[in-house]
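Thanks for making time this morning. I would like to walk through one model with you, slowly and with the definitions stated as we go.

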Amino acid sequence: MSKTVAEKILSEHSRRDLKAGDYALSKVDFCFGQDGTSALIIDALHKLGVKELTARKRFCMVIDHSAPSPNIGISAVHAKMRKFAARNKLRLYDIGCGVCHQVILESGNVLPGDLVVGADSHTCTYGALGALATGFGSTDLAITLASGKNWFKVPETIKIIIDGKLPKGVYSKDIILHIIGDLGADGCTYNSIEFTGNTVAALTVDARFTISNMAVEMGAKCGIMYPDKKVISWLKKRGKKIKRKVYPDKDADYVSVKRYDASKLIPKISKPHTVDNVSNVKAVSGKPVNLAYIGTCTNGSLEDLVIASKILKDKTIADNVRLIIAPASRQIYLEAMRKGIIRTFIEAGGNVVTPGCGPCVGTHDGVPSDGEVVISTANRNFKGRMGNPDAFIYLASPATVAASALTGKITDPRRYA
Amino acid sequence: MELKGKAHKFGDDVNTDYIISGRYKFKIQDPHELAKHLMEDLKSDFYKKISAGGESASAKGRCAPGAKRGKRGDFIVAGRNFGCGSSREQAPLAIKYAGVCAVLAKSFARIFFRNSINIGLMLLECDTDAISDGDYLLVNIKRGLVYNKTKNMKIQIRPLPNFILKILKDGGLVNHFKRHKGFKF
């Protein structure tokens, strides 16, 4: 029977021959929680009363959503996580390590063909390595940590083929925003997506993560790419050898096939207050912005920081703008320092904050005030997302955000490319 | 199992940030306190409006065992893709602890769907176009029907797989797991 990548990975992990629509109990290769979800994981484990955590060595916790802690309530959660990790000899990445997804990818714990679950909706990021990775809630994660398994519904798969050479000043963020605008916030609900095509092949692995990261913004369970030489060398740098690679069968069943021509793309932007409210940057250019934010699990990679710093080099941001940069991990932060990128940001008038999620989830590190306009490289612009329901959030590529910080208004970055 | 109460209508794509904002979910651990901020950015004082439902099944302790007893037990009724966005389990918890009996929607986002089942919040997938804000509903899970008493009409519920119903019957995944010493497929 011909299978998609999701059908193959779930079949392997369940030791059953599965097709889309089947339910199965599957063994999980890696799982994790962050500080927004771990307190409830610990509570659920406590209620379960289990003595042994079967997946103990295949689990970690990351303190990233509010790092360092901005208030007593969150400090108590962090303390609870540290105590639980010490008592059960669990891996804990404490404040400053970075955003969970970047930290876990860098740790080399996710390999092609793996089944990974995380108590964070953007776990789908790892699909770019060829893994089936998906977000769970806390109780599901607790059950997975305790038993090493969980139940899965085998998803139907949508194939998205992206071909063509990306024009200058247009990036993987623009591709995924364009697709989300086209398919909508529930365009792929419960589906697995397989992203393929020569545009994807030409992208760096870091740029691919941006696309897989936002699969969930269309309701997808996972956003998978086929592992290639770039993935192999990306993992090799992290000391990992690939044991298996999973590709779809030739005549696998797809619920639909979508095609996009990347050569015709221009910079895209999500307007308030939904991610699928997408237009060309051109259509809203000139709108004054108050806060520009570069970072997050979507666009906080070294490559993203390089793109932004090239635009900001030897220049100063506009008077009406505050610029905040959060490298996605400590490794990226250090590398950006070595390259002089951090200096560029600070000289331009930017503020570099501790690697983590703070501004994106509205916990600290730059909450906008009433009526303010934010342009951000994040993945969500829901009302209230950055901590203030009366702010207006636009989502775009690091180049668009950097260009907008320079001019003080939403700006098409192609003139800087 | 029968549930009754008033419908509180919402639109499509209600995300988990709207259900419970990150402003609260990161710092408030008590679900009763979280519940007070339910849907706040969409309808201010929504929590207080739920109690207007009158007779409720949850008063008998049926559908929201953790919630405060009293005149609670209404329904949240929405369009497509309810619960999209983050993986926060605080979203279904806030709904449950606000005393809402069940959520009726045309479709649910997948993480929210799992989380709700896992904590024992009833979700009902059905066509919600014929339900207006304030309609009085009676839901019969066994028959798979919603009776809209205000409009005097019946709506079919899309049935849940048996093992999911079993988890709900056990009061959520933790209780299910404890009772059966694992998954009962």
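Residues are numbered from 1 along each chain as its sequence is written, chains are lettered from A and ligands numbered from 1 in the order in which they are written, and side-chain values use heavy atoms, with hydrogens and water left out.

Let me begin with confidence. The predictor gives the complex an ipTM of 0.89 and a pTM of 0.94. Where pLDDT is low, the predicted coordinates should not be read in detail.

One is an open sheet of 5 strands in chain A, with the order 4-3-2-5-6 and parallel pairing. Strand 4 (91–93) and strand 6 (132–135) of chain A each have a single partner strand, so one side of each is left without a neighbour in the sheet. The twist in this sheet averages 20° from one strand to the next. Strand 3 (residues 59–62) of chain A is joined to strand 4 of chain A by 3 bridges, and A:Val62 stands opposite A:Tyr93.

Another open sheet in chain A has 4 strands in the order 10-9-8-11, again with parallel pairing, and its edge strands are strand 10 (222–225) and strand 11 (256–261). Here the twist averages 25° from one strand to the next. Between strand 8 (residues 157–163) and strand 11 of chain A there are 6 bridges, and A:Lys159 has A:Val257 as its bridge partner in strand 11. Helix 8 (residues 205–213) of chain A packs on this sheet, touching strand 9 and strand 10 of chain A.

Finally, which residues does helix 2 of chain A bring to its contact with helix 8 of chain B? The axes of helix 2 (residues 38–48) of chain A and helix 8 (residues 173–180) of chain B come within 9 Å and cross at roughly 30°, where axes are lines fitted to C-alpha atoms, for helices over the stretch in contact, and angles run from 0 to 180 degrees between N-to-C directions. That makes the two helices roughly parallel, a label for angles under 35 degrees, with over 145 being roughly antiparallel, 65 to 115 roughly perpendicular and the rest oblique. Helix 2 of chain A contributes A:Ala44, A:Lys47 and A:Leu48, and helix 8 of chain B contributes B:Val174, B:Phe177 and B:Lys178.

Within chain A, the axes of helix 2 and helix 3 (residues 72–88) also come within 9 Å, crossing at roughly 50°, and these two helices are therefore oblique to each other. Among the residues in this contact are A:Ile42 of helix 2 and A:Phe84 of helix 3.

Conventions
Predicted model: local features only at pLDDT ≥ 70, side-chain atom pairs only at ≥ 80, totals over all residues. Contact = heavy atoms within 4.5 Å. Pairing = 2+ DSSP bridges.
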